[in-house]
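Hi,

Here is the structure I promised to pass on to you.

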Amino acid sequence: MKSMSVRNWPVKKTSVEPRCGEDGAHPGQGLEVDHWLAALPQSAGILSYEPDGLSVVAGNDRFMKRLDLYRERTSGNEGNDQGWFDRVAAFIDSGQESIGFETRRDGNLGPEYFMCTLGRLPSGETDAPLILLTVTDRTTERAIEKNLRRELLSDGLTALPNRTGFGEEIDDRLKNNAWPEHAQFGIIAIDLSRFSRVNESLGPMAGDELLITVAKRLKSSLRQGDVLARIGGNDFAIFARLNNGLSDSLHIVQRIKEAMSSPIRLSGLQIRVDCAIGCALSINLQEDPDDVVRKAQAAVKIAKRSGKVEIYRNGVLKEAQRRFSIESRLRDALAQGGLALAYQPLIHLQTGEITGFEALARWDDEELGRVSPVEFIAVAEESGLITSLGRWAAYEAAQALSRWDAKFGQPLPVGVNVNLSPIQMARDDVASMFEEALRYSGVDGSRLTAEVTESAIVADPDKARKLLFALKDLQMPIAMDDFGTGFSNLASLHSLPIDILKIDRSFVSSMLEDRDKAVIVRTILSLAESLNLRVTAEGIETQDLAHALQKMGCWQGQGYYFARPMSEADAFDYWRARWNFETV
Ligand code: C2E
Ligand code: CA
Ligand code: CA
């Protein structure tokens, strides 16, 4: 390595005459190189490039002074010299006539910046290439630029970074700090909820004062390395490095709340500052910080409405929160009779008669709005609420039948299908539940069909078998719901007391366009025939589908083409208006 070194930048005075003067016709004739160099306003020197290093051939006073300084500063640091050697070597290899570049080094008073040029000179006495190096100090200009930039990137009132400055600070931290491999960062967005009212009632000066105080308080809740910014009129944001994911950000949120808890004195008044807080966590360090800022802003919007700290973490946590609120609202709804059953007609495809209705749970919540049963049944299953929900549905369905009968003056020739969840079947005594529901309403068991799914049978075949036989003892028909989507083997079907197969909507609705689906439907129909089962097709949305299934010999149909699920009263009217007359 020693041979490559340029450590000492030796000054080898050799005579280098500018060739341009040689023919005697040029005004430079007779002038020494030193004169040319001395005439330049910047530091300038001539270097000779040799395989074992660079040496200085000539240089003006400025250059020689700089060189002395450079030697003082870099003594003992060969890396610097090697850097210069490599740069010059690359320049020579490039074949370019001249290049310019900026260098930065740490000076005593902060970073110093130099604009340098390298230019090719004709070689002198030796064949070593000669290079003209000029160096111009740009430190002052860069400092001015930096100040201007800082103004552009910061908020004049609080001196915090603004939205643009925030982005740059984050980029800087992500690039220049050492981060552990699986690190995450979080953005905490803070919105001063009542800020505009302060502005309106106390004037903009008070508003400014409030912002400055809030900025100070927020700053006091930061940890080292966190960045606080004012990203909008009354919006602040914090960038935080998270070593322990969510719990770190909740910790910061706690500190923010504490910092903001005591009232702020403004124009002789004590003002309590409410703020909405939303957090977002990055998936990893590669995620675009702008995206995370946007997620935090989305979370803070929700927080403004909910009055709670909201967390946006790639849907996951939000979902957990939603599940949690569904669970607690559903618990209340079940206790207070907030659920209803909707009834969707089941149509005899050959005669067009209404044979019955499927009872489907409906829930309109004050806060959550209409929640889909797909969503709340899943939450009910997870939370164990499914047993009371299932009990309620069975009683309610049997009661609806008896109310219809009372309205009509005699038993209606229709039944109601009730859905059973596999979890409910595993945890509750479903047979005695139905027995009670039937007894209580005085309805015949043959009018209440239990819809079970394959997964309930696969989960615990023995228990399922016992239950199904117990339901048969109550005269209840049993339908296998969503048939075709599960794994039940045909042998198990054969040995279970099942009466009806309900072909899943996913096969029915596209069977006219999709040959594979049509084959499945046909197979189920012929399987059902050989097992002596009746078949209901779900999800019939068009007349074509209804006709096709009728031709294929399917027993019963259900779907939007006939009717959507409707209220108990509407279902009764629907039946009464059509009984005896309906044709497909
Ligand atoms: P499911 O048992 O398969 O019920 C049929 C679903 O298909 C219902 O959705 C119904 O509204 C919908 N549907 C009916 N005809 C059509 C059609 O032509 N096109 C389309 N696209 N959809 C149609 P819903 O009411 O949203 O219920 C969803 C699921 O929630 C039900 O699926 C059932 O698994 C469950 N569920 C509903 N109520 C209860 C209940 O009381 N207990 C239990 N355990 N589960 C329930
Ligand atoms: Ca069903
Ligand atoms: Ca179904």
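To start with the inside: which element gives the largest share of the lining of the largest cavity? That is β6, with 3 residues. Please keep in mind that this is a predicted model.

The structure holds 1 cavity of 30 Å³ or more, and about 30 Å³ of space lies in the largest cavity. Its lining is made up of Ala189, Ile190, Asp191, Ile231, Asp235, Phe236, Gln297 and Val300. Two or more of these lining residues come from each of β6 (184-192), β8 (235-242) and α9 (289-306). Sorted by class, the lining has 5 nonpolar, 1 polar and 2 charged residues.

Next, the metal site. Glu358 (OE), Asn419 (OD1), Glu451 (OE) and Asp481 (OD) coordinate the calcium ion (ligand 2) at 2.1 to 2.3 Å. Along the chain, these donors follow the spacing E-x60-N-x31-E-x29-D. Glu358 belongs to strand β14 (residues 354-365) and Glu451 to strand β17 (residues 448-453), so the pair ties together parts that are 93 residues apart in sequence. Both Glu358 and Glu451 are buried. Asp481 also bridges the calcium ion (ligand 2) and the calcium ion (ligand 3), and these ions lie 3.8 Å apart.

Finally, some strand pairing. Strand β5 (residues 130-137) runs antiparallel to strand β1 (residues 43-50), joined by 6 bridges, with Gly45 opposite Leu133 in β5. Strand β4 (residues 110-121) also pairs with β5 in the antiparallel sense, over 8 bridges; here Arg120 has Ile131 as its bridge partner.

Enjoy exploring it!

Best wishes

Notes
Residues numbered from 1 in each chain as written. Chains lettered and ligands numbered in written order. Predicted model: local features only at pLDDT ≥ 70, side-chain atom pairs only at ≥ 80, totals over all residues. Heavy atoms only, no water. Donors = N, O, S within 2.8 Å, 3.2 Å for Na, K, Ca; no water. Helix = DSSP H or I, 4+ residues; strand = E, 2+ residues; numbered from the N terminus. Buried < 20%, exposed > 50% of the residue type's maximum accessible area, 1.4 Å probe, protein only. Pairing = 2+ DSSP bridges. 1 Å grid on protein atoms, 1.4 Å probe; cavity = no way out; pocket = protein on both sides within 12 Å on 5 of 7 lines; lining within 4 Å. Points joined across faces, edges and corners; volume = space filled by probe spheres on them. Nonpolar A, V, L, I, M, F, W, Y, C, P; charged D, E, K, R; others polar.
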